[in-house]
Amino acid sequence: MTTDRLGELTAAGVAVWLDDLSRVRLNSGGLDQLRRDKHVVGVTTNPTIFAKALSDADEYDWQLRDLASRGVDVEEAVRMLTTYDVRWACDVMRPSYDASAGVDGRVSIEVDPRLAHDSKRTVAEARALWWLVDRPNLFIKIPATEAGLPAITAALAEGISVNVTLIFGLDRYSEVMEAFVAGLEQAKANGHDLSTIGSVASFFVSRVDSEVDARLEKIGSTEAKALRGKAAVANARLAFERYSQVFATDRWRALADAGAHPQRPLWASTSTKNPDYRDVIYVEELIAPGTVNTMPEPVIHAYAEHGETHPDTVTGAYDDARKVFAALEAVGVDLADVIATLEREGVEKFEASWQELLDGVRKSLAAAGQGSSSPGDAARGNADAAARAGGNA
């Protein structure tokens with residue numbers, strides 16, 4: 001008999017989400033197939049994913065021609081292209097949303113990362129994306145920068161579901177959870193139905209090992225090299241400990257009694273960057289009930305082939321995680337500097353990808369404006385619309 005490893009992972013309390021989206025995947029039915037066959041119950045996107053999707057496929061040509069004919073600017077074009085795909089993906093994932101009473105079946109779209117240090121404009125962008133996509137199973141991704149924290153609270157207070165992204169450190173994660181709880185308290189005071197507001201906190205994993213391992217290599221001692229590949233899992237496990245503490249308080253229980261769902265930890269950046277490490281290490285070592293693991297499709301297939309599911313590989317390992325942290329400090333790794341570096345670079349990388357996306361769309365609009373819509377373009381647009389209508393059924 002074939003072992004359903006992803007089914008076992010789901011049974012252990014881990015929601016399997018896909019870290020990817022493209023119109024090719026939507027047009028082909030590939031996303032719906034992953035939902036039906038691979039236990040995928042959510043989708044995350046980011047500027048890097050969209051930049052790649054728009055550069056690789058001609059499925060966007062008909063829409064680019066329409067946008068060029070209307071004379072829209074590149075910022076507006078990017079919003080139209082990305083929200084079209086996310087709206088369609090929300091429709092595809094709607095069965096998972098309905099089956100889980102609104103917990104899963106979510107699709108994320110990120111605010112312009114150039115706004116990461118501007119709270120007011122981040123909230124305005126969150127509202128705009130929420131209106132444009134207009135689906136209850138949408139998540140608006142807001143980065144966990146200092147300016148992002150009040151924006152998270154403000155968005156939630158308006159009933160907007162939020163995926164908090166680019167979390168690397170434990171202290172910032174605690175601030176994110178405080179922003180979430182405060183947002184729900186304000187939403188309750190504003191008369192919103194808390195049961196409809198969802199949130200996850202995207203805690204990045206593999207990038208921590210990449211940064212720490214580079215520093216351990218530079219230190220070069222036997223003790224330092226022995227710690228390679230241990231920081232990321234230890235960091236995530238201690239994050240889950242903090243999650244367990246926050247969502248066991250009387251303050252949280254008052255919100256839960258009013259219908260609120262907890263803000264689940266979401267393990268992000270789960271593809272293994274070092275080929276010497278097991279390709280599913282950031283899934284196997286972070287199994288805990290009530291978590292989400294968002295994976296690129298190759299990681300999903302790798303886990304389906306050879307992943308090993310053990311019930312809860314997190315909550316019994318807090319002391320070991322603290323020992324790893326102590327050992328890292330002892331050999332000279334400045335963990336606070338690691339986290340600060342990763343947050344800064346995370347925002348910078350997404351800003352660079354956003355610029356790449358803008359540049360690509362600008363060139364495509366220029367090229368599309370030189371031609372005119374053809375019957376084939378119209379047919380393709382109609383086919384996309386029909387496929388989306390099927391997702392609504």
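Reader: At what angle do helix H5 and helix H17 pack?
Author: About 75°, with the axes of H5 (residues 61–70) and H17 (residues 335–369) 8 Å apart. Helices here are DSSP runs of H or I, at least four residues, numbered from the N terminus; strands are runs of E, at least two. Axes are lines fitted to C-alpha atoms, for helices over the stretch in contact, and angles run from 0 to 180 degrees between N-to-C directions. This is a predicted model: local features need pLDDT of at least 70, side-chain atom pairs pLDDT 80 or more, and totals for chains, interfaces and linings use all residues. Residues are numbered from 1 along each chain, and side-chain values use heavy atoms, without hydrogens or water.

Reader: Are H5 and H17 roughly parallel or roughly perpendicular?
Author: Roughly perpendicular. That label covers 65 to 115 degrees; under 35 is roughly parallel, over 145 roughly antiparallel, the rest oblique.

Reader: Which residues make the contact?
Author: Leu64, Arg65, Leu67 and Ala68 of H5 meet Val361, Ser364, Leu365, Ala368 and Gly369 of H17. Contact means heavy atoms within 4.5 Å.

Reader: New topic. What is the phi of His39?
Author: About 65°, positive although His39 is not a glycine. Most residues other than glycine have a negative phi. His39 sits in the loop between helix H3 (30–37) and strand S2 (40–44).

Reader: And where is Ala101?
Author: In the loop between helix H6 (74–99) and strand S3 (106–110).

Reader: Is Ala101 buried or exposed?
Author: Exposed, with a relative accessible area of 57%. His39 is partly exposed, at 27%. Buried means under 20%, exposed over 50%, partly exposed in between (1.4 Å probe, protein chains only).
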